[in-house]
There are 2 protein chains.
Amino acid sequence: MKEQAEIFKALGDPVRLEIIKLLLGKELCVCDILSAFKVSQPTISHHLKALKYAGLVNDQREGKWIYYSLAPEAFAQANAVLQEFAAKSVAKERGRTCE
Amino acid sequence: MKEQAEIFKALGDPVRLEIIKLLLGKELCVCDILSAFKVSQPTISHHLKALKYAGLVNDQREGKWIYYSLAPEAFAQANAVLQEFAAKSVAKERGRTCE
DNA sequence: TAGATATATAGATGATTGTCGATGTAATTT
DNA sequence: AAATTACATCGACAATCATCTATATATCTA
């Protein structure tokens, strides 16, 4: 189980967020992901590595191609955290112990 | 409405994530937040600024103290995004247009 | 086996970040 | 008014990051 902050950090980049949206419901090879961006191939590779490190994607080689897909467990975990945040984000009490 | 990546980036730090957890259901002044950490006061101030920039917290001065509270709208927005990700994170199709 | 294709890794660079001590500012207290 | 308290801002510094070009690796194809 990855650190919560690591997961959110991985989500905190526009390119990576777009990659994730591309992968919703699909499995894509790097070349297809690459063709959706204007950044270089190594940059995409770098972002995919970051997403994999955070546990957000899985990769699977098939011949010349490597297919990337989302890792549902990691998204379920992040979703659970944010769901609690959203539910409890309304402040009721006010605390102050300092003087 | 803040950029999605900005919100996740703000969530992607252990100290900021802890601050958020402290603020769940509560409104706290900086001194109380500070006393829960071992980092310096300017560091906490810096993180609160980052959270505020992302729209995740609101602040309200009251005499000497400034109270910070969570901003439910931002959390609802982030939650909605992750909910969709979690729901659609199971890959069904496989695409490849490159050769 | 020699090229071609798909992807990763290495190394460099400029930008951003997390942290700190020092200082500034606003409000309160004495 | 002077000191104190709560918090923010400034400036510095090391670490991390996003990006690139160049190169390496793995697989397929001719």
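**The interface between chain A and chain B**

In this predicted model, 22 residue pairs are in polar contact across the interface of chain A and chain B, counting pairs in which both residues have pLDDT 80 or more. Several elements of chain A each supply at least two residues to the side that touches chain B: helices H1 (4-11), H2 (14-23), H3 (30-34) and H5 (72-87), together with strands E1 (26-29), E2 (57-62), E3 (65-70) and E4 (93-95). Of the elements of chain A, H5(A) gives the most to this side, with ten residues. Sorted by class, the side of chain A that touches chain B holds 23 nonpolar, ten polar and 15 charged residues.

The contact involves 48 residues from chain A and 48 residues from chain B. Between the two chains an area of about 4200 Å² is buried, and carbon and sulfur atoms give 62% of that area. Three residues, A:Leu82, A:Phe85 and A:Arg94, supply 15% of the area that chain A buries against chain B, more than any other three residues.

A:Arg94 also takes part in a salt bridge: its side chain meets that of B:Glu27, with an N to O distance of 3.1 Å. In total, four salt bridges are counted between chain A and chain B.

The strands of the two chains pair as well. E1(A) runs parallel to strand E4 (residues 93-95) of chain B, and the pairing extends over three bridges.

Terms used. Residues are numbered from 1 along each chain as its sequence is written. Chains are lettered from A and ligands numbered from 1 in the order in which they are written. This is a predicted model: local features need pLDDT of at least 70, side-chain atom pairs count only at pLDDT 80 or more; totals for chains, interfaces and linings use all residues. Side-chain values use heavy atoms; hydrogens and water are left out. Contact means heavy atoms within 4.5 Å. Buried area is the accessible area (1.4 Å probe) that two parts lose on being put together, summed over both. A polar contact is a pair of N or O atoms within 3.5 Å; within protein, one must be able to donate a hydrogen and the other to accept it, and residues adjacent in sequence count only if both atoms are side-chain atoms. Helices (H or I, at least four residues) and strands (E, at least two) are DSSP runs, numbered from the N terminus. Ala, Val, Leu, Ile, Met, Phe, Trp, Tyr, Cys and Pro count as nonpolar, Asp, Glu, Lys and Arg as charged, and the others, Gly among them, as polar. Two strands pair if DSSP finds at least two bridges between them.
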